[in-house]
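Q: I would like to learn how to read a protein model, one feature at a time. Where do we start?

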Amino acid sequence: MKKVTVFIAVFPMLFFSCGKGIVSPSKLLEKYYGYLKKNDIESANTLWHDSFECGYKLVDWHFAPPLTDQVSLYASYERNVTVVRENENVALMKLDLISGEGDTLRLDYCAKKISDRWKLVNSPEIECANWDSVLIGDIVVRHSPTYSYSKLFYSSLAALYGKAKILLGYEDGKKRQVFLVPSQAGVSFLSYSFKLIPSRSFSACGIVFSKYTLESRHRDMININARLAARELIHVVAFDIFGHDGYSVPLLREGLATYFCGTDGIPTEVCMSQAINMVDSIPSLSELLDLDVFYSHRNLYYGAAATFIDFLVNKYGWDKLKEIYKRSSSIEDFKISIESISSLDSLDVMWKNYIRGLHVEIPKTWRGMTDFEI
């Protein structure tokens, strides 16, 4: 068994004498990883407080949905816990996981005292506790009271989400939460991302974090913000309909989201037009199933994936697309499901010919642009 070293900040005596059952935040986190190491997921889950009612276990967003092999692997690493911020009711901790090879992964954890006991909580429960909420249909938009947003943003978000639900035949009225943050750093902090990102979704929990750019000269900025949030909601809907969000097959996952909402706020038509103009630079379908290849040219290949969705819908219909998506929880399953149409090589030829004959109308606010960085 590896030695566990815990670095603990100086605690006021209050934490050790407030009443029966009180433990320090760092000990709570150690207890949590002790359960994970024994693969006792049920006990590990009892240490979390789920105010967002994700209804999916583990509630821990580091593993949402939980990947059992990853959980077991992380729990086997040596752990260093540092409490970096704390008061009577709230604590923020940094956890360093150190592998046998000496590699270090840093994760953030929050704890909150609930009913006189410490519980692990997700970051927004602390950071967004006093945020305003706006209900748009079945979308709950949460944002800091420091900012306000236009009615056009809300109507655009509802329209994009509503269109996707109609075409996908999705009628569930579950409430989805969208947290609007004025910076990529804010999105990354709240969603535990290791890099700066404009948006992120937790499909199993129905929660989205999205950047809202407050100041920009771009004439389409309000819709750009709406597309950023709406595209993440597509992943949430996909998870509900298909039992997974297509994470293992980004050709479908990112293709569906881009088909409805573009990518990084850029409209679908612009993304697809790039693929049309550079069709000879798009790898084969089999190559695009390699995640390293697919994500190596994000803007072009996301647009190409959107044309693939468009191709399947126009040639085989929505029902067939949904059947393929549902059966494609892995790359191997995708290959098997696609054989109901044609071989992968033959389908690739048909798809590329479809792209060459495709025409899309670029929105007026985007015509003549060559730099699509937002």
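Q: In which helix is Val-237 found?
A: Val-237 is found in helix H8. Note that the model is a predicted one.

Q: Is Val-237 buried or exposed?
A: Buried means a relative accessible area under 20%. Val-237 has a relative accessible area of 2%, so it is buried.

Q: Which residues is Val-237 in contact with, leaving aside its neighbours within four places in sequence?
A: With those neighbours left aside, Val-237 is in contact with Tyr-161, Leu-168 and Tyr-170. Distance along the chain and distance in space can also be given for a pair. Val-237 and Glu-171 are 66 residues apart in sequence, and their C-alpha atoms are 10.0 Å apart in space.

Q: What can be said of Asn-225 in the same way?
A: Asn-225 is found in helix H8, which covers residues 221-242. The relative accessible area of Asn-225 is 1%, so this residue is buried. Leaving aside neighbours within four places in sequence, Asn-225 is in contact with Phe-153, Ser-210, Lys-211, Tyr-212 and Thr-213.

Q: How many helices and strands does the protein have?
A: There are 16 helices and nine strands in the protein. The protein has 374 residues, and 53% of them count as buried. Contacts can be sorted by separation along the chain. Among contacts with a separation of 6 or more, 64% are between residues 24 or more positions apart.

Q: Which residues is Leu-251 in contact with, leaving aside its neighbours within four places in sequence?
A: Apart from those neighbours, Leu-251 is in contact with Leu-285, Leu-288, Leu-289, Phe-294, Ala-305, Phe-308 and Phe-334.

Q: What is the place of Leu-312, and is this residue buried or exposed?
A: Leu-312 is in helix H13. The relative accessibility of Leu-312 is 1%, so the residue counts as buried. With neighbours within four places in sequence left aside, Leu-312 is in contact with Gly-317, Leu-321 and Ile-341. Leu-312 and Leu-347 are 35 residues apart along the chain, and their C-alpha atoms are separated by 9.8 Å.

Q: How are two packed helices described?
A: The description uses the angle between their axes and the distance between the axes. Take helix H2, residues 25-37, and helix H4, residues 68-76: they pack at an angle of about 125°, with their axes 8 Å apart. Because of that angle, H2 is oblique to H4. The crossing in which H2 passes H4 is left-handed.

Q: Which residues meet where H2 packs on H4?
A: From H2 come Tyr-33, Leu-36 and Lys-37, and these meet Val-71, Tyr-74, Ala-75 and Ser-76 in H4. The residues of this contact divide into five nonpolar, one polar and one charged.

Q: At what angle do H9 and H14 pack?
A: Helix H9, residues 250-261, and helix H14, residues 318-327, pack at an angle of about 145°, with their axes 11 Å apart. H9 passes H14 in a left-handed crossing. Leu-252, Arg-253, Leu-256, Tyr-259 and Phe-260 in H9 meet Trp-318, Leu-321, Ile-324 and Tyr-325 in H14. This contact of H9 with H14 divides into eight nonpolar residues, no polar and one charged.

Q: What is phi of Asn-39 near?
A: Phi is a backbone angle that can be read residue by residue. Phi of Asn-39 is near 60°, a positive value in a residue other than glycine. Asn-39 lies in the loop between H2 and helix H3. With 43% relative accessibility, Asn-39 counts as partly exposed.

Q: Where does Asp-116 lie?
A: Asp-116 lies in the loop between strand E3 and strand E4. Phi of Asp-116 is near 65°, a positive value in a residue other than glycine. The relative accessibility of Asp-116 is 38%, so this residue counts as partly exposed.

Note on methods
Residues are numbered from 1 along each chain as its sequence is written. This is a predicted model: local features need pLDDT of at least 70, side-chain atom pairs count only at pLDDT 80 or more; totals for chains, interfaces and linings use all residues. Side-chain values use heavy atoms; hydrogens and water are left out. Contact means heavy atoms within 4.5 Å. Axes are lines fitted to C-alpha atoms, for helices over the stretch in contact, and angles run from 0 to 180 degrees between N-to-C directions. Helices (H or I, at least four residues) and strands (E, at least two) are DSSP runs, numbered from the N terminus. Angles under 35 degrees count as roughly parallel, over 145 as roughly antiparallel, 65 to 115 as roughly perpendicular and the rest as oblique. A crossing is left-handed if the near helix is turned anticlockwise from the far one by less than a right angle, and right-handed if clockwise. Ala, Val, Leu, Ile, Met, Phe, Trp, Tyr, Cys and Pro count as nonpolar, Asp, Glu, Lys and Arg as charged, and the others, Gly among them, as polar. Buried means under 20% relative accessible area, exposed over 50%, partly exposed in between (1.4 Å probe, protein chains only).
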